[in-house]
Amino acid sequence: MQYDNSQVRRQDRLLAEARAREILEHGEYGFLALGDTTGGYGIPVNYVYREGVCYFHCAPEGEKLRRLERNPQVTFCVVGRTAPCPERFTTEYESILLSGHLERVTDDEERMHALSLIIGKYAPQFQETGMKYAQGSFHRTAILRLTVERWSGKCKYLPGSPMATK
């Protein structure tokens, strides 16, 4: 997984890799973008990131999976902190963009591991109950794995802003 900001147009707005990793590891949700010959499709999703891979869960059928069959190359965007600045007609922001290969996980052990990671991220105080729920709904839950090939980060901080110092 290569952190590569060379394609970012505004080279004065590059996000430090350490902050980009924090956003990736702790972000609440992101937008998964899939495309094919019929156009683009983007959807907000919960996720968990571990060692160059993002996991998502979804229903075992639907538009995401249909598009995935036609084109496994996707992008995934996570937005960090934002602060609209109406008096300056701008917004401070942090965001990261990941690109890579998405595939459906078929190995049951990896699927359950991904569900455990997702529960650990979003409901750590209910891990045991969450795993029982995951086992009960396992047959109707698909897991997708995004193998991240490259990623970049961009930000806009205004001088003197609290965001610029955090």
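Here is a short walk through this structure, one selection at a time.

This is a predicted model, in which local features need pLDDT of at least 70, side-chain atom pairs count only at pLDDT 80 or more, and totals for chains, interfaces and linings use all residues. Residues are numbered from 1 along each chain as its sequence is written, and side-chain values use heavy atoms, with hydrogens and water left out.

**Stop one: aromatic rings**

Searching the whole structure turns up four aromatic pairs (rings of Phe, Tyr and Trp, the last by its six-membered ring, with centres within 6.5 Å; planes under 30 degrees apart are stacked, over 60 edge-to-face, the rest tilted). Select Y29 and F31: their ring centres are 5.6 Å apart and their planes at 75 degrees, so this pair is edge-to-face. Y29 is partly exposed at 38% relative accessibility (buried is under 20% relative accessible area, exposed over 50%, partly exposed in between, with a 1.4 Å probe and protein chains only).

Now pick F56 and F76. Their centres sit 5.0 Å apart with planes at 70 degrees, so here is another edge-to-face pair. F56 belongs to strand β5 (residues 53–58) and F76 to strand β6 (residues 73–85), so the pair ties together parts 20 residues apart in sequence (helices, H or I with at least four residues, and strands, E with at least two, are DSSP runs numbered from the N terminus). F56 is buried at 1% relative accessible area, and F76 is buried at 0%.

**Stop two: charges over rings**

Then try R111, placed over the face of F138 at 3.8 Å from the ring centre.

**Stop three: helix α4**

Select residues 127–137, helix α4, and colour its buried residues: G130, M131, A134 and S137. They span an arc of only 135 degrees around the axis (taken from the directions from the helix axis to the C-beta atoms), which puts them on the same side of α4. These buried residues pack against α3 (108–122) (contact means heavy atoms within 4.5 Å). On the face turned away from the buried side, look for exposed E128, T129, K132 and Q135.

**Last stop: R145**

Find R145 in strand β8 (residues 142–156). At 16% relative accessibility, R145 counts as buried. Leaving aside neighbours within four places in sequence, its contacts include V53, Y55, H101 and E110.

Methods. Lys NZ or Arg CZ within 6 Å of the ring centre and 35° of its normal.
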